[in-house]
Amino acid sequence: MASRELLALAVVVTPVLGGLAVLCAPRRALNGVAAAGAALSAAFALALSAVALAEPARALVERWVVVDAAAGMLVGVIGVVGVTAVLVSPAYLAIPSDRGLVPPGRRPRIFYVLVFDFWAILAAIPLMGNLGGAWLLVEATTAVSAVLVGFGGKPRALEAAWKYLILTSLGLGVALLGIVILAAGAAHGGLDALSWRELSHVRTGHGAALVAYLLLLAGLAAKIGWAPVHNWLPDAHSEAPAPVSALLSAALLPAVLLVAWRSSQALSPVIGASTAQSVLVGFGLLSLFVAVPFLWQAMPWKRLLAYSSLEHMGVIALGIGFGTPLALAGVAVHITGHALAKALGFYAATPLLGHEPRAAGHPATGIGRTQPSLGAVLGVSLGALAGLPPSPLFVSEVLIVAGGFAAGRPWASSVAAVLLTLGFLGLAHALIETTAGKAPARDRPAAGLRGVVLLAGLAVPCLLALSAAALWLPGSSIARALAQGIR
Amino acid sequence: MSGGLVWVLVALGLAVVVVRRRSFAVGLVTAQALVLAVEAARHGTGDTTSAVVLAVRAVALAALLLLVVSRTREPRPVRAGIAPLARGGLAVGFALALTWLVPTIGLGSGNAERGVLALIAFGIVAAATRRATLFAVVGIVLCENGLALAALELPHGSSSAIELGVAFDLTLVALVGAVFHERIFAEFGAGDTAALRSLRG
């Protein structure tokens, strides 16, 4: 077995072993065992990421497994978000809860096991060499993550988890119909018929292949949270425990988006590259149209981050739809930068709710005045997400819009630029209000703040480094490999 | 698969949309899956995996859902927002629209293609128009039965690994759905999505 295959196996198996270790660990050692398991899992993920991105032209493409630049990037992102989610979980688990989905005594153990299982499935999605297998993994994330969304057990969390479970399952059923249509047009039966390479040879005819592609993307859109099938997203992200919200937004959404991206690239020879990309541009613009008005509204912190996810998934869809190396370099930077900034924002929600409990249902204002460190963390996260220079998301959005012009889509690029500017203004207003707005008297401690401040200290240089790397990326072999896809 | 059998499956699917009781709906989707399993065994050329997977999945889901029904007895069935006749009309209309919109998809027969699209349409309508939470899970199972019919009618057969995976995922989703249904029942005194929606004003 080649080293890349072994690493890919380790990336998926280590979180499973981490979950098993947590299952067997003594109660007092739970947090430590979970942290060790997460660190090991993240180390393998980053190793695979480094190997895949160091030699992007040498992709491993097998029946079951793909290790290419896109998989390397996503696995690295999932690893970083996974380990940080586990590290900040003790602060969430320390909050007493008597209404949870599981008995209080078993709450931490079951939470960690579910997080590790979710992580393992997530890490397998980018590495899956087959559309059918990728669908199975995406569907499996639904079951595990729905339990995590409703983990708090409060009525609103139950409602959000229920909506998430039903809408995404129905959506994935529609996507499966698209896959069945593609399988019907395959040259042979069995699993190989749905491998990424074989998909470009389906013989269903243009009309049926186009319908299959539309069904597939419409179904996956329900999971990615693209408008108009995003209804579950704001509720699930705002009601889930903060570490789970981070995993959902920063890792799950882009991982499923990669399946849509790979499908678009694989089916381009059958339905036409322009058609395949136009559908993605359509989803991207629609998501921006829907998200921007919400970014102008004052709303609770986690809900604001959820609507920002809708905006950012739209931006990534646009970049993939434009498809030029310039735009795809922007996509790579955007996925990574969004993951870092969004995860940090969600992690900060735990100390924020400790310091200002009303922030669960109301906009948080003037946090920088009453808790400067927390205000700074919220400011870093929101500033980066807004695309405030020198945020990497500013560079990535410029690259994507420029890539759109390079792709010969000036109208879509212009509309996107206007919407992104409006989104920026909305988030910039929220940034000012959240950090420096009017502040009522607050004296509650911000539990778990130290860990989040430490993470912010690590995230800031990473975000700046990413901004610098973004200037080099468009002409690099990574951007070329992303544009080429699986061949 | 014969045209008659496909239309039996479609009729069972339409019945799921209009019946009142949750246990009847569970029985109907189970009967559908068992018909598909028998057909897979009869039609199969030596490979009985599909038949076994479908049969085991049907029995496991029936046991799970009927257990949930018995544990969450309601004094009277949760009323749907839309009358049965209107639901049936909506389901048939949606199915006809789908068959009109979707071109030939390459399955074994035209009847099977129309049957698949009808079952998916019925599943979506059942999940969208019923207030009882368990009907949403039953709607998903109905959609998956339609997709199982499509898999049986693939010209080159389908992958056993994928079929097994789909059955496992569906069971997992139904299990999680059942857990949430019980919790919602305990919290609100009824498995009613209207109570859930009221939380958001």
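The structure is a predicted model, with an ipTM of 0.95 and a pTM of 0.96. Chain B consists of eight helices and has zero strands, and 38 of its residues are in contact with 37 residues of chain A. The largest nonpolar core has 283 residues, and residues of chain A and chain B are listed among those with the most contacts inside it.

**Chain B: confidence and fold**

- Chain B has a mean pLDDT of 90, and 97% of its residues reach 70 or more.
- The order of elements along the sequence of chain B is α-α-α-α-α-α-α-α.
- The radius of gyration of chain B is 17 Å, which agrees with the value near 17 Å that a compact globule of 201 residues would have.
- The C-alpha trace of chain B spans about 50 × 35 × 25 Å along its principal axes.
- Of the 201 residues in chain B, 50% are buried.
- When contacts in chain B between residues at least 6 apart in sequence are considered, 73% of them join residues at least 24 apart.

**Interface between chains A and B**

- The contact joins 38 residues of chain B to 37 residues of chain A.
- On the chain B side, the elements that give two or more residues are helix H5 (110-129), helix H6 (133-152) and helix H7 (160-188).
- H7(B) gives the most to this side, with 13 residues.
- By class, the side of chain B that touches chain A comprises 25 nonpolar, nine polar and four charged residues.

**Nonpolar core**

- In the core of 283 residues, those with the most contacts inside it are A:Ile78, A:Val81, A:Ala123, A:Leu127, A:Ala161, B:Phe122 and B:Val138.
- Helix H6 (residues 155-184) of chain A supplies the largest share of this core, 21 residues.
- Beyond its neighbours within four places in sequence, B:Phe122 is in contact with B:Gly13, B:Leu14, B:Val16, B:Val17, B:Ala91, B:Ala95 and B:Leu142.
- In soluble globular proteins, nonpolar side chains tend to be buried together.

**A:Ala85 in helix H3 of chain A**

- A:Ala85 lies in helix H3 of chain A and has 26 other C-beta atoms within 10 Å, so this residue is buried, the cut-off being 20 or more.
- Apart from its neighbours within four places in sequence, A:Ala85 is in contact with A:Val115, A:Pro243, A:Ala246 and A:Leu247.
- A distance of 28 Å separates the C-alpha atoms of A:Ala85 and A:Leu318, which are 233 residues apart along the chain.

**Helix H20 of chain A**

- Helix H20 (residues 477-484) of chain A has A:Ile478, A:Ala479, A:Ala481 and A:Leu482 as its buried residues.
- These buried residues line one face of H20(A), because they fall within an arc of 160° when seen down the helix axis.
- The buried residues of H20(A) pack against helix H2 (30-54), helix H3 (69-93) and helix H13 (325-347) of chain A.
- A:Gly485 follows H20(A) and has a positive phi, near 75°.

**Cis peptide bonds in chain A**

- Most residues other than glycine have a negative phi, and most peptide bonds are trans.
- A:Ala227 and A:Pro228 are joined by a cis peptide bond with omega of about 5°; A:Pro228 is in the loop between helix H8 (206-224) and helix H9 (232-239) of chain A.
- The peptide bond from A:Pro389 to A:Pro390 is also cis, with omega near 10°, and A:Pro390 is in the loop between helix H16 (372-386) and helix H17 (392-406) of chain A.

Definitions and conventions: Residues numbered from 1 in each chain as written. Chains lettered and ligands numbered in written order. Predicted model: local features only at pLDDT ≥ 70, side-chain atom pairs only at ≥ 80, totals over all residues. Contact = placed C-beta atoms within 7 Å. Helix = DSSP H or I, 4+ residues; strand = E, 2+ residues; numbered from the N terminus. Nonpolar A, V, L, I, M, F, W, Y, C, P; charged D, E, K, R; others polar. Rg over C-alpha atoms; globule rule 2.2 N^0.38 Å. Buried ≥ 20, exposed ≤ 12 C-beta atoms within 10 Å, placed from the backbone. Arc of directions from axis to C-beta. pLDDT = per-residue confidence, 0-100. Core = buried A, V, L, I, M, F, W, Y, C linked by C-beta atoms within 7 Å.
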